[in-house]
Amino acid sequence: MRVLVAIDSFKGSATSSELNQAVKEGLMAAVPDMQVDTVAIADGGEGTLESLYQALSGEFVTLEAPDLLGNPREVTYLLSENRAFIETASLLGIDKISPSPETFEQASSAGLANLVLDALGRGCQQIFLTLGGTGTSDGGRGFLEKLTGQTVLFEQVELIGLTDVRNPYAGPDGYARIFGPQKGGSPEQIEREDARALAFVEKIRVEQGLDLQAQAGSGAAGGLGGAILLLGGRLQSGFASIADLIGLEEKLVQADVVITGEGHLDRQSFQGKVPVSLVRLARKYHCPTIALCGAIGGADLSIYADFQAVFSIQTRVQSLSEAMEKETTLENIRFVAGNIGRMIRMK
């Protein structure tokens, strides 16, 4: 029996590698001769650089750049050969602020340009930007304005945004109305921002012949998806791109069972998150997939019909802060993995 373990990080608790190792330990404690392969995995959000570094190696570059509120912050991105991988949320992440109407107005994507320009200065031919988890809602205008006059630099470089969000730039499903509330925007602020976005869409349509509304994902990361398109870049599926870069499919071919998971498995997981994306890929190889999660949103099993089974790793009643302590998380997932190992051994 060969098991592939590829669990997304439990945000604020444990990394993909830590979770994978704990599951491997639990499985092998139950079945010592089980073959267990692990692969650090992410969908473009937290943990992406770790996943890519383990697969591609390279070097980390650290520099100081203004975060979404303009405060200087040290941030790291990955260089591998002539490619740069930048995790946008490491600088512009919603976790860097307490969302409020004030931060909604202040938050800017401008600082991200510093990282892109640094990568360009190092001769990178491909620059990947992961677009999950940002706290900005400026339509990518801060990013664009800082790169004004530098567009010639992108003529020989591929700028690639990784996202599984398919929202258009403006309107009912645009970045302001869909993501603005969670980023602290008041109804009035969201209304104004969407009006600005709609006006920008029309301006670009007239001046450049590009219809941002027709481009799936242009509303990703508070409109950064649209900014990337305007710079001549393109948008790709976060999970699919990372899976390809780390050779995930080759590992799936050899697996009899897949164990995946994330901190909170719910309906939002079907918008390109690791567990659902992985179970769909594993189906191609008729490989049953089990999900281990910190929490499961909803008791309707039909939602998770693609999985062989889904489990919450919680073993007792406790507060959220206690449940999210790293050692508690790893202990719990190790225990549940051991039980799964015993079940697999019985087959």
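Trainee: Which residues does Phe143 touch, and what makes them contacts?

Mentor: In this predicted model, Phe143 touches Ser109, Ala110, Leu112, Ala113, Val116, Leu129, Leu224, Ala227 and Leu231, leaving aside residues up to four places away in sequence. Contact means heavy atoms within 4.5 Å, so each of these residues counts as a contact of Phe143.

Trainee: What makes Phe143 part of a nonpolar core?

Mentor: A nonpolar core joins buried residues of kinds such as Phe, Tyr, Ile and Leu through side-chain atoms within 4.5 Å. The largest such core has 49 residues, and Phe143 is, with Tyr77, Ile127 and Leu129, among those touching the most other members. Helix α9 (residues 220–230) supplies the largest share of this core, 7 residues. A second core of 26 residues, including Ile242, Ile246, Ala255 and Val258, is separate.

Trainee: How do you know that β3 and strand β4 pair, and in which sense?

Mentor: Pairing requires at least two bridges; β3 and β4 (residues 72–80) have 8, in the antiparallel sense, so they qualify as paired strands. Within this pair, Val61 stands opposite Tyr77 in β4.

Trainee: Why are β3 and β8 called edge strands?

Mentor: The open sheet has 6 strands in the order β3-β4-β5-β6-β7-β8, with mixed pairing. Because β3 (59–66) and β8 (234–236) each have a single partner strand, one side of each is left without a neighbour in the sheet.

Trainee: Which strands does helix α10 touch where it packs on the sheet?

Mentor: Helix α10 (residues 238–245) touches β5, β7 (158–162) and β8, and its direction makes about 115° with that of β7.

Note on methods
Residues numbered from 1 in each chain as written. Predicted model: local features only at pLDDT ≥ 70, side-chain atom pairs only at ≥ 80, totals over all residues. Heavy atoms only, no water. Buried < 20%, exposed > 50% of the residue type's maximum accessible area, 1.4 Å probe, protein only. Helix = DSSP H or I, 4+ residues; strand = E, 2+ residues; numbered from the N terminus. Axes fitted to C-alpha atoms, helices over the stretch in contact; angles between N-to-C directions.
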